[in-house]
Amino acid sequence: MTDGPLIVQSDKTLLLEIDHELSAEARRAIAPFAELERSPEHVHTYRITPLGLWNARAAGLDAESVVDTLLKYSRYAVPHGLLVDVAELMDRYGRLSLKKDPVHGLILHCEDLPVLEEILRSKRIQPLVGQRIDDQNIVVHPSERGQLKQQLLKLGWPAEDYAGYVDGDAHAIELVQKGWELRGYQQIASESFVHGGSGVVVLPCGAGKTIVGASAMATLATTTLILVTNTVSARQWRSELLKRTTLTEDEIGEYSGSKKEIRPVTIATYQVLTTKRKGVYAHLELFDAKNWGLIIYDEVHLLPAPVFRFTADIQSRRRLGLTATLVREDGREDDVFSLIGPKRFDAPWKDMADQGWIAPADCVEVRVTLPEHERLTYATAEREDKYRLASTTLSKNTVVETLVAKHSDDRVLVIGQYLDQLAELGQHLGAPVVDGSTPIKEREKLFEAFRSGDLKVLVVSKVANFSLDLPEAGVAIQVSGSFGSRQEEAQRLGRVLRPKADGRTARFYAVVARDTIDADFAAHRQRFLAEQGYAYRIIDAADVLSGKDPKAN
Amino acid sequence: MSPKTAAQPKEGKAKPEKKTTKPEALDPGTLVDALRQRDDHSMRLMLIQRPDLVHPVPTDIAKLAARAATNSSVTRVLDRLDAWTVGVSEVISVLNEPFTKKDLEKVLNNNDKIGAALEKLRLLAIIWGDDNGMRFVPVLKEVVAPHPAGFGPCFLHERPDLAAIANQERIEEIVSKGPKGTQEVLNELLWGPPVITLSKLNRDAGITSAKNGHEYLMAHGVLVATARDALTLPREIALVMRTPSYLPEDISNNKNIKTKAQRDPVQVDRAAGAAGLQFVQLVEELLDNWGETPPAVLRNGGLAQRDLTIAAKICNDDENIAALLSEIAFSAGLLAAGDDKEQVWLPTPAFDVWRTKSVEERWAILAEAWLTTTRVASLVGKVGEIRINALSPEVDKPLAPEIRSLVLDALAALEPGFEPDPEAVVEYVTWLRPRKNKEEIETLVKAILGEANTIGIRGLGVLATTGRALGEMRYTMPSPEARTAAARAAVADPKGYAVKPDQMLVSAIAPLLPDAIATFVLQADLTAVIPGPPAAEVASELRHMAYQESRGAAQVFRFTESSLQRAMERGYTAERILEFLNKYTTTEVPQPLEYLINDLVRKLGDIKPIDEPIDDTVPAPNERRSPARVRPRPAPEGAPPDAALLDAAIKALRAGEDPKAKPVTPAAAPNKTPASKIAELCREVVDKVISGSKPGDVCITITYVDTHGMSSNRIVEPIRFEGGLLTGFDLTDSRIRDYAISRIAGAEKGKK
């Protein structure tokens with residue numbers, strides 16, 4: 001028994017005591033193989049999962065060093081069964097490998113005959129492989145490379161991909177570090193990606209994921225396809241790249257609903273790629289339009305299914321996934337692992353905030369009570385209408401007004417789900433509303449005004465969820481959301497997390513109707529925030545209105 | 001001692017009879033006389049080891065002697081003797097009576113050990129008389145039949161020619177001229193079994209036509225054809241050949257147990273502590289799970305293989321461990337086959353009490369259950385073609401507690417830190433119980449050694465402090481009186497509050513366990529983390545307010561609206577919950593949690609505060625429990641007689657001997673007493689006896705109506721009171737009797 005900071009539970013979770021003097025060291029040691037599940041104030045929870053262990057194997061860690069780490073930092077005896085499991089699971093990775101063969105092209109190689117036989121018996125594998133060469137090798141058509149990796153992972157036998165990447169057309173890109181410089185963790189993230197070939201970098205909102213992408217592009221110096229969530233974010237990528245690299249306007253193309261430019265660096269939206277015309281995805285051809293050397297997936301946790309499918313076909317190109325969270329509401333984390341690649345870098349939000357890379361935030365839940373007549377409507381409403389009724393209650397409006405008034409010297413974003421509600425709020429607050437129907441030009445104008453300080457309050461719909469770079473927003477007020485979506489909550493919090501020039505604390509308010517389904521969803525989202533290390537307070541609307549919130553100022 | 005001078009069957013004698021003219025063989029008389037001469041102490045020692053003799057108590061010593069000489073009783077004695085003593089008794093059975101110690105010395109080596117064996121047999125009343133003349137109970141011959149000490153039957157009267165053959169030179173001569181392998185044939189039969197069955201035996205083979213050693217020896221009369229295809233070595237030949245010792249050389253001495261490795265005792269204890277902690281937690285986890293989703297009871301009473309696999313998954317361990325967990329939980333009375341509505345395995349109400357105890361206490365209860373249970377979890381799963389299910393009757397092995405006890409002794413006898421070779425332990429135990437099935441002993445010993453590792457009795461394969469304590473505990477186990485009291489308490493106390501773990505065990509494991517932590521860390525995500533083994537008072541209360549999310553070395557609980565609501569419905573007020581949290585948390589109570597609690601009060605309305613302490617042994621509504629059950633108490637050999645009963649029994653036996661023994665006459669009939677009063681009175685006096693008063697000092701005078709409707713007054717020294725029967729020594733007719741409580745018409749304390 002040592003006095004380590006780590007407690008290894010038999011259910012494969014690891015509890016890390018943060019206040020322990022060895023905790024930082026232990027965190028570094030376990031991070032490569034354990035997924036950070038929760039990071040509240042005192043005890044962080046990591047989980048050992050097959051994916052995590054295979055991620056570690058992919059990064060060159062062996063079972064022995066994992067076991068050693070656990071034993072070294074564990075305070076109590078480590079359950080024997082868990083150690084055996086770790087060894088067995090890690091042993092599964094790499095039994096199968098994808099290789100290039102000078103004669104047969106791409107082959108699946110396996111030195112363990114029973115394993116090979118087992119997987120070849122699978123109905124899902126059979127159509128993906130070709131002719132059997134001998135006991136150890138079997139031909140794989142290059143187009144099935146991704147599919148095969150995906151299916152092998154599902155069977156529990158992940159294949160190591162040694163088949164390498166095509167370099168793509170070279171295109172000189174360099175970082176221009178003028179007035180800013182690459183932060184340490186950005187450097188490490190970019191390096192570990194380039195070293196690994198393909199993979200995902202997990203960084204909190206506001207931590208500069210774009211710059212990691214730019215840095216990777218610069219290192220590889222090749223033609224790049226960047227996939228982003230929407231046009232606004234495409235424009236932001238473009239301006240960031242112009243600012244941070246040697247790329248010029250002519251070298252960067254935009255491939256969206258309105259423009260279809262293909263240039264050495266092309267930024268495309270998921271939306272245009274997934275637009276069907278006469279039943280076919282007309283724009284997926286973009287992947288073949290140029291000999292891309294690098295494909296960057298922004299917000300990889302939102303990657304739509306058709307893009308996944310196409311990604312399976314381009315396994316020979318380098319792929320970089322960027323995201324704030326690997327949590328996918330659809331649970332397809334394993335597809336991200338097999339198709340984009342293993343996680344290459346991860347850092348807890350709270351640590352970044354502590355180091356000043358992202359702004360600290362004060363999260364407050366304000367509970368309003370439904371007025372009597374609304375309660376009756378709510379009680380008798382159909383189930384599918386309940387959430388809308390609860391989250392658009394009129395009583396929220398006064399609270400929002402009070403909050404906006406209180407933060408009149410700061411820039412405030414009011415975020416919501418329902419357009420009627422937003423329009424109404426816009427009127428009340430005398431603030432412009434940005435939603436899906438707002439023309440791009442109009443949006444950019446408003447955002448610019450907000451950035452410059454001419455506009456203090458902006459009401460936005462969920463178009464603002466992603467990649468909306470409004471560094472000076474210090475207060476966000478959420479009036480309604482997409483049910484209990486955790487990643488949406490993370491994104492919205494991310495809106496206010498960009499470091500502030502004066503280092504002030506950002507505020508994130510969620511206005512919630514008490515005793516309704518709205519509150520239940522809020523609890524779900526807040527648990528996520530708390531698990532990310534953002535403690536929150538709950539206050540009553542009455543206290544806000546009377547200005548009694550003790551910590552508000 | 002040379003073969004020539006050793007007393008042995010001489011020519012012309014049918015049996016290895018001693019010369020009747022031997023002056024030193026004095027006749028010791030009858031067993032009854034010998035027993036009459038015994039003092040109370042030796043009588044008590046005998047009765048403790050032969051409890052069957054006083055179940056029920058015979059009226060006088062003649063009846064005692066008769067019972068002691070029955071086949072079943074003597075078999076019971078021999079079954080529990082070691083190989084040397086059994087060997088000596090078997091040799092005795094082939095001697096003529098009366099025999100002397102010298103007679104034995106002549107036919108056995110290891111003369112120094114003969115005395116001890118005789119002493120043991122004498123104490124147990126298998127033999128009687130002093131060294132100069134002894135007899136054995138006649139039934140001994142029957143009990144050791146058919147081949148005492150591996151000797152075949154005597155054939156002299158059927159085959160007078162044997163007399164000529166039965167001498168050393170003649171046998172050697174015959175063997176030397178025989179075909180190849182003759183010596184081996186003889187050697188094989190010499191130490192028994194003395195019978196061999198051959199598929200192709202030519203019974204008519206002559207000296208010249210003999211084809212092999214067997215036929216050759218038969219033709220010469222050294223072997224006797226006893227059946228169509230069987231040959232037997234006559235006792236006469238074997239006696240000659242075995243001289244100078246009728247018993248094999250190695251039987252007198254048990255070997256030292258070979259050891260494999262040496263370990264640091266500190267590491268051993270540490271490993272045992274970790275195993276013990278894990279074992280306790282796994283039992284809790286499994287039963288907790290089964291409380292919510294109970295597995296079905298199979299028709300034969302067991303647990304389906306599928307459910308065992310699930311259990312193994314719950315425990316993150318293999319199926320052997322899962323089987324052991326469920327068997328021990330069952331033996332400890334924490335698990336029972338469910339209620340009448342549905343046949344499922346459910347935790348008992350005693351489980352809820354058990355889990356409120358500290359880890360060391362919980363462990364002690366489990367370890368004690370393991371020590372005394374007849375169930376052998378390691379048998380689950382395998383055994384040839386047949387699959388044995390956990391919790392099924394096939395796992396019950398009456399021999400198990402005895403062997404377990406012997407194994408613990410064997411391990412405790414080793415130097416601390418040495419890991420024994422399992423085979424050597426098997427050999428050791430086989431020597432101690434030579435009359436038991438060797439394969440069964442081997443299976444049991446290996447099972448016991450393995451289980452001991454899992455439970456935390458051994459660490460790194462070496463007996464740990466915990467194991468030593470468990471071994472010693474057997475001598476300080478609750479006295480039979482206390483057990484009587486416990487059994488009685490169990491009826492009134494189905495939840496098992498009265499189950500007190502053995503203090504010695506508790507203090508043995510306590511220092512090996514990591515310190516219990518009586519605080520927790522509260523976090524904003526509404527979790528409470530106890531970063532180590534939880535102190536019982538914290539964990540059991542926290543369990544009511546929050547759902548357990550993760551367990552192991554540390555415990556993680558999550559507060560949710562429904563968990564808090566559950567607590568409040570149970571009677572917790574918001575103040576009480578917050579007070580508890582503030583008292584034990586090392587961090588601040590997160591504001592959202594506080595808000596959640598207060599908000600619930602608003603939602604649920606006012607909760608009537610309950611003043612009494614909340615019963616933390618009531619399971620949550622979603623958890624099911626079996627009806628109260630008394631813990632299954634294995635009693636393979638019947639309970640050993642308790643001291644009070646023994647004293648009374650001896651007194652009764654002596655009184656039965658004394659023709660002048662004058663019954664005490666009660667002075668006057670006690671008044672009629674209501675039945676409830678009678679029971680109360682009986683219990684009171686018996687409690688006095690249990691708490692230390694001599695039965696003689698506490699008397700009760702009862703008016704008893706016998707089966708013929710005759711009523712009489714009796715003065716009784718009570719011994720126990722259970723199952724509606726008062727057992728006691730009746731001074732009125734000097735014997736032990738049971739009195740049905742329903743037939744006692746009146747009772748009064750003291751002699752009347």
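Modeller: Two residues are taken to be in contact if their C-beta atoms, placed from the backbone, lie within 7 Å. The model under discussion is predicted.

Colleague: How many residues of chain B are in contact with chain A, and how do they divide into nonpolar, polar and charged?

Modeller: On the chain A side of this contact there are 26 residues, while α14 (265-292) and α28 (591-604) of chain B each supply at least two residues of the side of chain B that touches chain A. The chain B residues concerned number 22, and by class they are 11 nonpolar, 7 polar and 4 charged.

Colleague: Why is α14(B) described as roughly perpendicular to α16(B)?

Modeller: The axes of α14(B) and of helix α16 (residues 319-331) of chain B come within 10 Å of each other, and B:L282, B:V283, B:L286 and B:L287 in α14(B) meet B:L325, B:S326, B:I328 and B:A329 in α16(B). The residues of this contact divide into 7 nonpolar, 1 polar and no charged. Angles of 65 to 115 degrees count as roughly perpendicular, and the description therefore follows from a crossing at roughly 85 degrees.

Colleague: Is the crossing of α20(B) and α21(B) left-handed or right-handed?

Modeller: Helix α20 (residues 422-432) and helix α21 (residues 438-455) of chain B have axes 9 Å apart and pack at an angle of about 130 degrees, which makes α20(B) oblique to α21(B). Among the residues making the contact are B:V425, B:V426 and B:V429 of α20(B) and B:I441, B:V445 and B:L449 of α21(B), and by class the contact has 7 nonpolar, 1 polar and 3 charged residues. The crossing itself is right-handed.

Colleague: Which strands stand at the edges of the open sheet in chain B?

Modeller: The sheet is formed by 5 strands with antiparallel pairing, in the order β19-β18-β17-β16-β20, and its neighbouring strands are turned by 40 degrees against each other on average, direction ignored. A strand at the edge has a single partner strand, so one side of it is left without a neighbour in the sheet. The edge strands are β19 (735-740) and β20 (744-749) of chain B.

Colleague: In β19(B), what is the bridge partner of B:T727?

Modeller: Strand β18 (residues 725-730) of chain B pairs with β19(B) in the antiparallel sense over 6 bridges. Helix α29 (residues 643-657) of chain B lies across β17 (711-722), β18 and β19, running at about 120 degrees to β19(B). Within β19(B), the bridge partner of B:T727 is B:D738.

Key: Residues numbered from 1 in each chain as written. Chains lettered and ligands numbered in written order. Predicted model: local features only at pLDDT ≥ 70, side-chain atom pairs only at ≥ 80, totals over all residues. Helix = DSSP H or I, 4+ residues; strand = E, 2+ residues; numbered from the N terminus. Nonpolar A, V, L, I, M, F, W, Y, C, P; charged D, E, K, R; others polar. Axes fitted to C-alpha atoms, helices over the stretch in contact; angles between N-to-C directions. Parallel < 35°, antiparallel > 145°, perpendicular 65-115°, else oblique. Pairing = 2+ DSSP bridges. Left-handed = near helix turned anticlockwise from the far one by under 90°.
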